[in-house]
Amino acid sequence: MDAMIKTPVAPSAPRIAREKPLKIKARNVDVYYGDKHAINDLSIDIPDSAVSAFIGPSGCGKSTFLRSINRMNDTIPSCRITGNVEIDGRDIYDKTLDVVQLRARIGMVFQKPNPFPKSIYENVAYGPKIHGLAKNKAELEEIVVTSLKKAGLFEEVKDRLDHSGTSLSGGQQQRLCIARAIAVNPEVILMDEPCSALDPIATARIEELIDELRQNFCIVIVTHSMQQAARVSQLTAFFHLGNLVEVGDTDDIFTSPRDKRTQDYITGRFG
Amino acid sequence: MSGTYFVILAVLVGAGFLLGAQRARGLRSDTGSALHSLPAYHGLYIAAAVLTVMMAIYVMAAPLAEHYVLRQAFGAFDPSIIAEQLQRDATLRDIQNLVAGSYQGEPSDTLKAGAAAYASASSLAFWGLNGLGVLAGLAVIFWGLSRIQPELRARNQFEHFVKYVLLACSAVAVLTTIGILLSVVFEAAQFFSKISPIDFLFGLQWSPQTAMRADQVGSSGVFGIVPLIVGTLLITIIAMLVAGPLGLFSAIYMAEYATPPIRAIVKPILEILAGIPTVVLGFFAALTVAPLIRSSGQSLGFDVASESALAAGLVMGMMIIPFVSSLSDDVINAVPQSLRDGSYAMGATKSETIKKVVLPAALPGIVSAFMLAISRAIGETMIVVMAAGLAANLTFNPLAAVTTVTVQIKTLLVGDQEFDSAKTLSAFALGLVLFFFTLALNYIALKIVQRYREQYD
Amino acid sequence: MTDTAIATPRRIGDNDALVARRYRAERRFKFYGIAAIAVTAVFLMLLFADVLVKGLPAFTEHRLTLPIKVDQAAIDPQNSKDPKIIRTGDFDSPIRRAFRDLFPEVTTRGDRKKLMGLLSSGAADDFRAMVMRDPALIGQDAKVPVLLSDDADQYLKGRQTGVEKFPGQGTMTVTPEGEQFKLTSDGVALPSPGDIIRMNGGAFRVLSLSNAALLAEQVMAPKTPAPAASGAWDIVRFTVPENNRRIDDQEALWLEHLKEQGIAESNIAWRFFTSGDSREPELAGIRGALMGSILTLLVTLFLCLPIGVAAAIYLEEFAPKNRFTQIIELNINNLAAVPSIVFGLLGLAMFLNFFGLPRSAPLVGGLVLALLVLPTIIIASRAALRAVPPSIKEAALGVGASHQQAVFHHVLPLAMPGIMTGTIIGMAHALGETAPLLMIGMVAFIVDIPTGFTDAATALPIQIYLWSDLPEIAFQSKTAGAIIVLLAFLFVMNAAAIMLRKRFERRW
């Protein structure tokens, strides 16, 4: 195991993977939903402090793989996973690993904004509270405010922190969910098509935010929109029918894809 | 009288169907023209018409005929006899027995005259009603036959008829509600003409025994509903203290933790419990739980009534566990998975997710489930009839005997009764209170659930 | 605008204490759920166990088998073989005589009366029925089953007191001492006060112990005053004191004797299913109540199935979306929550007082229960109709069927299993319903088996309620027995509903 991690990155690996430290490493991952083989023998390296985008047609397994990174698939009884996923060299499917603490280190933002039916403040404070991150009220408030600021939402909601999270607009809700995710200071943020339910202006705000958050977090984003992948990500992985077809620097993938299927997809032949 | 009429009705309806269908078939083969509707629909068309007309005649004429017969029969009697309900019924029975030849003893002359009048009027009414029915039925058949043409839209007409029948059937639910309201409101109004509603609603003493004789002591008939309400609430609160936590935690376990095989075992347990007749639970409460509570209470030095509110409340709580759990199970399942995912993704444990996200989100639904359960408990009769007391004690002591609204309704109305005494009528006033109370709870609960569903749809 | 100047983010430390506490809370919470379900399950099991323990004895009864000569002179002197004459014959005295013959030592009037009290007052009726069935018995010697009274029956079922017996060791001698007797034995294992010593056909109750002798009072006189050898006498100990049971020591000893002789035997009490209610617990049965329930449910089914299905079809398929439809729907939902006793008030005020229908009749009971279960059936039928995919209806409409033809020819038949399931569940609900039937007077003491819809009748749950109020312990057992029958019916109905659902479950 250790030998594998220390293996120097191959010269053919993407530029970004050579520049930044390795954060997530997956080897020979297969995922099954009951009889359905959702992901087939997937291996990938995801760098820290960068945005990696998963693209591909619907049902290609990109969301499934994303949910395997923070073990959200555990909540689906019929789901079965084989292979290795490591974060900072630690196997996350190790029996001794505490899934609750794992998820605290990996934030997630979902396709549809899902604020809890509580106040804005409570939404953001939820994570720090359950993980005991704040020693007192003042500290908790500081975390909430900081997180809302980082999510670029604070100015809009500072006068109504006690309003329900569900009263916000769609874009604001999604930024609230991002604030909620970063309030526990995760190392990785997974985003499952975070803009698919939003209008273009809200989408632009979120993309801007993602670009800023890249400084501190390893961000993995699943997206339907190739333009979005091109705009925000440094590394792009193309999925097709449960297979990881191609990984590379975003610039390379969109200008000179090596695989025929990638080419067809990004030129709009299918998808 | 009615039996014959309905036999005639059935025969004519059948005949109408056959004749109509035959005529239509004949029309098709004679003229060779295509019918708009199948021959069977022509038959059904006539049959439906016969049925409608003859039923209408029966509904209108039968009460008239009966009224006529009674007037003739009582013509010979003293008006005072007719005015008095009991005497009137007795006389009528005598007349009927005399006509049937089963009268015991020697009839008086008035009775003989009455019987003779009754017999002749009856036979007149019999022939009149049935004759009218036959004539009308035949007339409708001939009218129908004359209308049968290839282009008659018999199917559409018949389907129109069916639709009205269906509508009438669904209106039965409304009629039932109206019937309940009428029967309860009328008698309750009579009651309130004797007893002031203020005294009824705010009186602290309930003692419905009215004096049989004027000089009887201690039975003035006091109708203050407060002790009954307090007793009902006491038992309901005990029941909810049992059913609330047990039902809610069962529901949470079933919805969030249980694997399918466990669900397959636990769900039937709750369904069986829900299907046990309340009279069985009442038996258990009265003969097993109450003595158990009494003896264990006494061994601890408490003074426990043999029909303690605690026993009835505990068993009633068991009865409503399935209500709370199945309704809560539904609302918990209706909480979108995305909220749970959001919480899990934050690194929350299952119980944290349930306590801090799922339950707050499901709160309106759970509240309405509790309200429905409370309404069930308030309206439940058999458990309290068998296990709770009759004495209207105004107390909140769960070890004392209390009585409830339903127990009083049952006690006041079962057995011999005169229908104009305040005692009997008070039961309907109690019924009115019960009806509105449960209806209001149910209505509010339904509204809450509706709004809650809309929120997540 | 966005503040990215926040210093290095705090990482979640491995706060083991906190994590441990959170997992403890998790386990506790899960345990609450399991405990809630366990408490419910335990309650259910206790309920069933209680009913079974109390109720199973109701399905057996104790009978004596007595040899009786069926005397022609007392029953049919002219040998007419006419049932009318046989019916009026004297069947009582032969039984009494035969029973008395078993206890020749009982001579006083009081004791004889007590002895006869052990027999059921229905014993002669059984004998009469036996002879009526088989007139050839007249003049013959017959083995006649004679029913015991409820108290005797309960004693033999062991529900009055426990009985322990010890064989006597050594020789027992009795010497009178004033009113009392002094018993001495040269063996060991002396009895304690309250025990009964049986010897020589008599019995003594031990009052006190003094040295090696016992002071005792006589319960039954022995045939001889001679000493009894080891093994010829025994000690009988009743675990319940005499004052706390309805059978005293003397009666108990008679019954013990009958049991030991094999004269009293336990049999299946078919009577429980074949006879109507009675004031005598040992004669009471549930047939009347069962018939009442069946008649009532027939009326209910006949009314609420067509009306319920028609209403469901209308609301699901034909109703326009208007205010009236909304009112009907709201009404149905609210009716489902109206307490059942209020339906009883409706029955009383409307059907009995206004329309003048007969009291206590299955007809009225059925009417009231039909209105009560109508919402259930409508709701279930609507769900069943909704479950039929619209494509089926569309296919029928596509070949030119009218809307009604599509519904009645295609949708309704496919929804029928669901409707039947809902109906059975509704009927099961109606079968267990008690309160509304109380209101319309189906609560009287009715001995005759009802045969028509307007006969006075009770229903099974009402019978349970009536019996549960009676003081005799035998009636308590009958109550639980009736509950077992009721639950068995409900179980069968629900099982049928589940099977129907399973069998016709369709995956579209």
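Biologist: Is the crossing in which helix 8 of chain A passes helix 9 of chain A left-handed or right-handed?

Modeller: A crossing is left-handed if the near helix is turned anticlockwise from the far one by less than a right angle, and right-handed if clockwise. Helix 8 of chain A passes helix 9 of chain A in a right-handed crossing. Helices are DSSP runs of H or I with at least four residues, strands are runs of E with at least two, and both are numbered from the N terminus. Please note that this is a predicted model, in which local features need pLDDT of at least 70 and side-chain atom pairs count only at pLDDT 80 or more, while totals for chains, interfaces and linings use all residues. Residues are numbered from 1 along each chain as its sequence is written, and chains are lettered from A and ligands numbered from 1 in the order in which they are written.

Biologist: At what angle do helix 8 and helix 9 of chain A pack?

Modeller: Axes are lines fitted to C-alpha atoms, for helices over the stretch in contact, and angles run from 0 to 180 degrees between N-to-C directions. Helix 8 (residues 170–182) and helix 9 (residues 200–213) of chain A pack at about 20°, with axes 9 Å apart. Helix 8 of chain A is therefore roughly parallel to helix 9 of chain A (under 35 degrees is roughly parallel, over 145 roughly antiparallel, 65 to 115 roughly perpendicular, the rest oblique).

Biologist: Which residues of these two helices meet?

Modeller: Contact requires C-beta atoms, placed from the backbone, within 7 Å. Gly170(A), Gly171(A), Gln174(A), Arg175(A) and Ile178(A) of helix 8 meet Ala202(A), Arg205(A), Ile206(A) and Leu209(A) of helix 9. The contact comprises 4 nonpolar, 3 polar and 2 charged residues (nonpolar: Ala, Val, Leu, Ile, Met, Phe, Trp, Tyr, Cys and Pro; charged: Asp, Glu, Lys and Arg; polar: the others, Gly among them).

Biologist: How does one judge the radius of gyration of chain A against a compact globule?

Modeller: The radius is taken over C-alpha atoms, and the globule rule is 2.2 Å times the number of residues to the power 0.38. For the 271 residues of chain A a compact globule would have a radius near 18 Å, and the 19 Å of chain A agrees. Chain A has 12 helices and 10 strands, and its C-alpha atoms fill a box of roughly 50 × 45 × 40 Å along the principal axes.

Biologist: How many helices and strands are there in chain C, and what is its radius of gyration?

Modeller: Chain C has 18 helices and 10 strands. Its radius of gyration is 34 Å, well over the 23 Å that the rule gives for 508 residues, so chain C is more spread out than a compact globule. Its C-alpha trace spans about 115 × 90 × 40 Å along the principal axes.

Biologist: How many residues of chain C are in contact with chain B?

Modeller: 66 residues of chain C are in contact with 68 residues of chain B. Helix 1 (residues 16–55) of chain C gives the most to that side of chain C, with 17 residues. The side of chain C that touches chain B has 47 nonpolar, 15 polar and 4 charged residues.

Biologist: How do helix 10 of chain B and helix 18 of chain C cross?

Modeller: The axes of helix 10 (residues 278–299) of chain B and helix 18 (residues 473–504) of chain C come within 11 Å and cross at roughly 150°. Helix 10 of chain B is therefore roughly antiparallel to helix 18 of chain C, and passes it in a left-handed crossing. Among the residues that make the contact are Phe283(B) and Ile483(C).
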